[in-house]
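Thanks, everyone, for making the time this morning. Could you please bring up the sequence and the model on the screen, so that we can walk through them together?

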Amino acid sequence: MLEKIVFPLCNCCKKQTTETKFGLCFSCFEKLISFNPENRCKYCGYPLEKGSNICGRCFSRKSFFDAGFFLFPYSECGKALIHSIKFEDKLEYLEVINFFINQLTDFINGKEIDFITYVPSSLFHYLSRGYSVPRELAKRLSSFFNIPYKKIVYTKRPYKKLLSKSKSVKERKSIVGNFFRVKSDGRKANGILLVDDVFTTGTTVNTVASLVKKNNVAEKVYFFTLSMVVKD
Ligand SMILES: [Zn+2]
Ligand SMILES: [Zn+2]
């Protein structure tokens, strides 16, 4: 008797496919990894038209980070991939960073990064899933680039749950501002790499960067996120 072959569905376009890679069909996966804008904001890495070097957001607010990089936009396939990693326990999909390793190496090279740290997940996510995506990501980068890894950012209370309901930028700022603390051993690093999963408005990364600097933990703060919300 012939068994019925069940083809997997692509997490992004939802079409049936013979094989998936990171939960995506071939064409969705290709689209995801081909993201490589020629020109980016010199602070946050946001894709820009040729000729400009700073995005509207970095132009209009004080950025406490010195430079940042992300791999793919938080939309369609990027969003589908992050969802599998965060909520379907597909931590092995973090290996997608291998497909961007040249760009990532270009970003890391030439920067004095004494250690890699991460934005902690909310206690809620951590307790319900048992892992923290930013921490796993930081560990992988640490072993790949052979840069030490150190936890310095802590949350006071579960905060991301509060952020998830649509809040204004001002409200987000005050929530985020009150929920993080940064610990220091008294030695000031030249530079650190702060890792998070998604850069939405940048409030989280910017707030943590400001705490790092205020507490004299590092001279320079660079950030890396898997994904960033990018408007078309
Ligand atoms: Zn697809
Ligand atoms: Zn920017």
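This is a predicted model: local features need pLDDT of at least 70, side-chain atom pairs count only at pLDDT 80 or more; totals for chains, interfaces and linings use all residues.

Let me begin with Tyr222, which counts as buried because it has 22 C-beta neighbours inside 10 Å; by the criterion used here, a residue is buried if 20 or more other C-beta atoms lie within 10 Å of its own, exposed if 12 or fewer, and partly exposed in between, with C-beta atoms placed from the backbone. Residues are numbered from 1 along each chain as its sequence is written, and chains are lettered from A and ligands numbered from 1 in the order in which they are written.

Tyr222 sits in strand S6, where helices (H or I, at least four residues) and strands (E, at least two) are DSSP runs, numbered from the N terminus. Leaving aside residues up to four places away in sequence, Tyr222 touches Phe65, Asp66, Ala67, Gly68, Lys111, Ile113, Gly191 and Leu193, a contact being two residues whose C-beta atoms, placed from the backbone, lie within 7 Å. By contrast, Arg57 is 165 residues from Tyr222 along the chain, and the C-alpha atoms of the two are separated by 17 Å.

S1 and S6 run parallel and are joined by 6 bridges; two strands are said to pair if DSSP finds at least two bridges between them. The whole sheet is open, has 4 strands in the order S1-S6-S5-S2, and shows parallel pairing. Its edge strands, each pairing on one side only, are S1, residues 67–73, and S2, residues 115–118. Neighbouring strands are turned by 20 degrees against each other on average, direction ignored; axes are lines fitted to C-alpha atoms, for helices over the stretch in contact, and angles run from 0 to 180 degrees between N-to-C directions.

Now to the helices. H9, residues 203–214, lies across S5 and S6 (218–228), running at about 160 degrees to S5.

In H1 (residues 26–33), the buried residues are Cys28, Phe29 and Leu32. These cover an arc of only 100 degrees around the axis, which puts them on the same side of H1; the arc is that of the directions from the helix axis to the C-beta atoms. They pack against S1 and H3.

The buried residues of H6 are Val133, Pro134, Leu137, Ala138 and Leu141. Seen down the axis, they fall within an arc of 130 degrees, so they line one face of the helix. That buried set packs against H3 (76–87), S2, S5 and S6.

Just after H6 comes Asn146, with a positive phi of about 60 degrees, in the loop between H6 and strand S3 (153–155). Asn146 counts as exposed because it has 7 C-beta neighbours inside 10 Å. Asp89, in the loop between H3 and H4 (101–108), also has a positive phi, near 55 degrees, and counts as exposed because it has 12 C-beta neighbours inside 10 Å.

Finally, the overall picture. The secondary structure comes to 9 helices and 6 strands. The radius of gyration is 18 Å, close to the 17 Å that the globule rule gives for 232 residues, so the protein is as compact as a globular protein of that length; the radius is taken over C-alpha atoms, and the rule is 2.2 Å times the number of residues to the power 0.38. The C-alpha atoms fill a box of roughly 70 × 45 × 40 Å along the principal axes, and 32% of the 232 residues count as buried. Among contacts between residues at least 6 apart in sequence, 70% join residues at least 24 apart.
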